[in-house]
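Trainee: I have a model to read and some labels to check. Can we go through them one by one?

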Amino acid sequence: MKWHEGGSIQYRIRTSLRARNLRLTISPREGLTVVAPRNFDPRRIPAIVERKRTWIEAHLRRFAEAAIGAEAAGKAGHREADALPDTLELPALGESWQIRYQPTNTRVVGVLAEEPERLTVYGAVSDHDACREVLKQWLRRRTREELVPWLDRLAAKNGFKFREALIRGPKTRWASCSAKGTINLSFKLLFLERHWVRCVLLHELCHTVCMNHSPRFWTLLGGLEPECREIQKRMRDGWKRVPAWVEKREGE
Ligand SMILES: [Zn+2]
């Protein structure tokens, strides 16, 4: 199909065997199409297009604006998803960290806590995936440094024994306890209220003596902390507390 020009309006002509009259159609993808019956004299078309100019231009303008709007919205959405955090609120530890990104001439990315509640991410910081990765590693380290000793203290105080504690980051579990007595803690617990985390730790410790969620389990847990069952219900939308950048996969 060939492009024609009437004034400054471009259009193409399609001959239709069924069309009785000349028709103009406009679509965002194709622009203006003139559908002409067979035997229609093409020399008459420019004048017809010209008469419809206002109508045609209004449509073309609206399509162009919509396309620009969609592109801008797409870019903004991507920017937001790709943004790096400049703070880390960790209610579980009662800490609020400021993050600074310092480009240095190295190919790796590292993280330093030089002062209390001040983090510096340094290196090839234009690599956002790498920055998120070191921040997550740092969160895992904080979990090991803070939540594991807390788990130890709660175990000692209440007479529980567990084999070891591992730090993980699954998408839908805050913690778990294996039959062998390994307790897995998600580093995302750091984003929850301190008393919620306490309930999670007590919950897993109770599993070291009762693997299921039987009445016996709830009696045991309730004896340690009566509020736990209620808090667990509230924790179902606790995932909203986890910042979006944490769940972002590499290259997304
Ligand atoms: Zn459980």
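Mentor: Start with strands: helices (H or I, at least four residues) and strands (E, at least two) are DSSP runs, numbered from the N terminus. Asparagine 184 lies in strand 11. This is a predicted model, where local features need pLDDT of at least 70 and side-chain atom pairs count only at 80 or more, while totals for chains, interfaces and linings use all residues. Residues are numbered from 1 along each chain as its sequence is written, and side-chain values use heavy atoms, with hydrogens and water left out.

Trainee: How do you know where confidence is highest and where it is lowest?

Mentor: By pLDDT, the predictor's confidence in each residue, from 0 to 100. Strand 11 (residues 182-186) is highest, at a mean of 98. Strand 1 (residues 3-6) is lowest, at 57. The protein chain has a mean of 87, and 88% of its residues reach 70 or more.

Trainee: Why is asparagine 184 called buried?

Mentor: Buried means under 20% relative accessible area, exposed over 50%, partly exposed in between (1.4 Å probe, protein chains only). Asparagine 184 has 14%, so it is buried.

Trainee: What makes the pair of asparagine 184 and arginine 168 a polar contact?

Mentor: A polar contact is a pair of N or O atoms within 3.5 Å; within protein, one must be able to donate a hydrogen and the other to accept it, and residues adjacent in sequence count only if both atoms are side-chain atoms. The two side chains make such a contact at 2.9 Å. Arginine 168 also stands opposite serine 186 in strand 11.

Trainee: What makes strand 9 and strand 11 a pair?

Mentor: Two strands pair if DSSP finds at least two bridges between them. Strand 9 and strand 11 have 5 bridges, in the parallel sense. The open sheet has 3 strands in the order 9-11-10, with mixed pairing.

Trainee: Why are strand 9 and strand 10 said to stand at the edges?

Mentor: Strand 9 (164-168) and strand 10 (175-177) each have a single partner strand, so one side of each has no neighbour in the sheet.

Trainee: What makes His203, His207 and His213 donor residues of the zinc ion?

Mentor: Donors are N, O and S atoms within 2.8 Å of the metal (3.2 Å for Na, K and Ca); water is not among the atoms, so sites may look incomplete. Here NE2 of His203, His207 and His213 coordinates the zinc ion at 2.0 Å. Their spacing in sequence is H-x3-H-x5-H.

Trainee: Why does histidine 207 count as buried?

Mentor: Its relative accessibility is 7%, so histidine 207 counts as buried.
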